[in-house]
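Have the viewer open and follow along.

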Amino acid sequence: MTKLKRIITCILLMALTAVPVTVASANSSFYTYNYDFYDVQMESPDAYTPEALLLGSSLGIGDFKDPGAVFVRGNTIYIVDSGNNRIVEVDSNFNLIRVIDKVTIDGAESTFLNPKDIFVNEANELFICDSDNYRVLHVDYDLKLIKMYTKPEDDTFSAEQNFIPLKCAVDNTGRLYLLAANVNKGFLEFDKSGNFSQYIGANKVKVSLFEVIQKRLMTKAQRARMELFVPTEYSNLCIDIDNFIYSTTTTFDAGDLFNGLAAPIRRLNSLGEDILIRNGYEPPIGELWWDTGGDVSGPSRFEDITAMDNDTYYALDRIRGRVFSYDFQGNLLYVFGGLGNKFGYFQYPVSIDHMGTDLLILDNRAASLTRMTLTEYGSLINSGLKEYKEGRYEESADYWRQLIQMNGNYDLAYIGIGRALLRQERFGEAMEYFKAKKDFDNYSKAFAEYRKEWVEANVGYLVAGILALLLLPKLIRFIKKVVKGEVFK
Amino acid sequence: MSIKSAFEKDKLIHLVKTLRYSLYVIFHPFDGFWDLTHEKRGSKGAATILLALVLLTQVWTWTYSSFLFYWPQWEYFNLLMEIIPTVVLFSMWCISNWSLTTLMDGKGKLGQIYMATAYAMTPYILIRMPLVLISHLLTVEESSYYYIFSNFATIWCVLLVLCAMMMVHDYSLGKAVFSSILTIVGMMIIIFLIVMFFSLITQSFGYFISLYKEVAFRLY
């Protein structure tokens with residue numbers, strides 16, 4: 001009987017430990033959030049808030065129709081209004097400057113047909129992707145043609161293949177990088193005089209065993225047809241302040257995201273190598289919780305990206321209408337936005353650019369441009385990052401401490417404070433901060449120093465302890481002998 | 001001292017003796033496992049204590065190790081659910097092994113298999129327990145020491161289990177390895193049967209519940 005009782009008590013006690021812990025259920029209703037070490041969404045204060053909305057009708061020129069891109073140079077915003085075959089130029093207060101719908105080529109006027117993108121260089125010269133006219137126009141600010149980029153005379157372009165420029169960017173040496181439809185070898189690079197020079201940033205071709213067998217079994221006609229279904233590799237590009245290309249891709253297998261085979265965001269150098277730093281908890285892939293509902297499912301698909309002057313970059317996810325912000329080390333700073341009709345939400349965002357610290361996001365379906373401004377919280381992050389990046393850890397720690405007051409779940413702040421403490425040789429406290437946010441490497445650095453200090457401070461006790469351990473058995477044996485009276489025999 | 005208490009004391013001494021014998025077994029596996037079962041140098045009580053110590057080692061490893069080596073998400077951590085796999089796998093090993101070896105001229109009884117397997121877990125306890133403390137003295141760069149020792153413990157345990165199979169069932173090495181592999185296959189079959197059984201039970205329950213609901217709905 002007692003045995004039975006014991007067993008029952010035992011089972012009950014074990015059951016106590018098994019009480020399920022209630023956890024705040026996963027939800028994506030936060031406007032702004034971040035992901036922690038365990039890839040759990042953590043709500044955060046707003047880093048960006050919507051400030052103004054621009055509609056074509058509010059400029060008195062009729063609504064935008066299927067707008068494709070937004071570009072900012074200085075204080076001027078260019079909106080590519082593809083459906084209306086025009087480009088709308090507005091100033092920073094959303095006042096109309098002019099509507100560009102034609103350029104002058106050798107004295108004759110020429111209109112656009114479904115323009116997709118625009119780039120404006122420092123000298124205020126415009127590069128317009130006039131997609132359905134199969135050309136990229138390089139014009140000066142008065143819209144007089146400087147030169148025209150057309151289909152490159154290259155073996156890789158077959159005679160029947162149309163040259164459809166989709167996105168363009170120009171670096172400060174005058175090289176034009178172009179994303180063209182039905183080209184899967186990367187970006188087309190044109191030199192300063194307008195000649196095609198090379199492809200850049202091509203994807204490494206991975207062929208699985210299955211595909212090899214499949215190709216073997218196919219007829220020649222089938223194989224030829226299959227080559228037509230090669231998706232365009234990149235979705236967009238932008239040039240950052242150091243002349244590197246940030247690019248986004250939407251065509252990849254969701255399963256490859258976490259093993260590093262797929263890189264939706266890349267930073268390409270002039271050789272086309274990916275030099276993006278990925279030191280965050282997860283590589284910059286956007287959403288980590290792929291909640292499903294309505295049309296929404298699967299991973300993020302980045303439609304556009306913009307790189308700020310402080311080396312943070314903002315990628316625009318069209319699946320969930322969110323903006324993902326990463327710092328120069330690849331840490332996720334914050335995520336904001338969402339799908340919806342409210343101010344600050346988007347229906348089908350296609351393009352993002354920045355003016356100073358403001359963000360401009362173009363919604364294709366709502367045909368509107370939203371301006372988002374940095375909040376106090378967001379500017380604290382920027383200030384902290386700036387000091388941190390320049391190695392002034394103590395100054396950055398001041399900002400991080402203020403930030404923790406606003407958001408106690410901000411991991412970068414804890415690690416930043418830890419770095420400052422590490423610099424000040426307060427290793428014990430630094431360890432606490434690193435431990436709290438699971439920064440293994442920095443923790444190890446702090447701990448190695450802490451351990452060294454501790455051993456140096458307590459070397460006397462350590463030696464004494466080891467000696468005591470060695471001598472104690474002998475001493476006990478000796479005392480035993482004394483007690484038994486063996487010593488004096 | 002009454003006879004009863006003297007008897008109890010004898011039992012306790014026997015338990016401690018058999019428990020201490022595990023230290024002999026891990027260094028002299030062939031003698032050790034032979035005597036464990038044939039000379040009654042081991043006891044099931046000691047085996048149970050060893051098994052409990054294995055569980056305790058696991059729990060302490062999860063809870064007290066440095067966060068460089070284990071970083072459980074405490075909000076979702078359920079101790080029981082972490083322990084159950086070990087207990088289930090251990091008991092399934094014993095049952096599956098016993099079921100197979102009775103068909104393969106194994107000499108061992110279920111109790112002996114249980115005892116020998118539990119004794120073979122001793123290095124796990126002896127090495128992993130101190131590693132919990134040592135983990136707090138290591139940095140990420142030195143973590144390979146930790147993993148060397150923990151892998152060493154695992155390999156030692158596997159070899160001991162093989163020795164135990166040889167001695168308990170009076171097998172050759174090849175047959176011990178073969179029967180162990182078959183045992184693992186048997187464990188998988190058991191898991192498959194359990195899962196199938198449960199899903200069938202659930203479905204039949206669901207059938208009767210919906211039947212009841214239907215009847216209740218029609219009658220009222």
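**Cysteines first, then the surface**

Start at B:C94, which is buried at a relative accessible area of 5% (buried is under 20%, exposed over 50%, partly exposed in between, with a 1.4 Å probe and protein chains only). This is a predicted model, where local features need pLDDT of at least 70, side-chain atom pairs count only at pLDDT 80 or more, and totals for chains, interfaces and linings use all residues. Residues are numbered from 1 along each chain as its sequence is written, chains are lettered from A and ligands numbered from 1 in the order in which they are written, and side-chain values use heavy atoms, leaving out hydrogens and water.

Across all chains, the search turns up zero disulfides (pairs of cysteine sulfur atoms within 2.5 Å).Now the surface of chain B: B:L173, B:V177, B:I181, B:V185, B:I189, B:F192, B:L193, B:M196 and B:L200 make a nonpolar patch with about 810 Å² of accessible area together (Shrake-Rupley, 1.4 Å probe, with only the protein chains shown as cover for residues). Patch residues have over 30% relative accessible area and no salt bridge, with nonpolar side chains (Val, Leu, Ile, Met, Phe, Trp, Tyr) joined within 5 Å and like charges within 9 Å; a salt bridge puts a Lys or Arg side-chain nitrogen within 4 Å of an Asp or Glu carboxyl oxygen. B:I189 is partly exposed at 46%.
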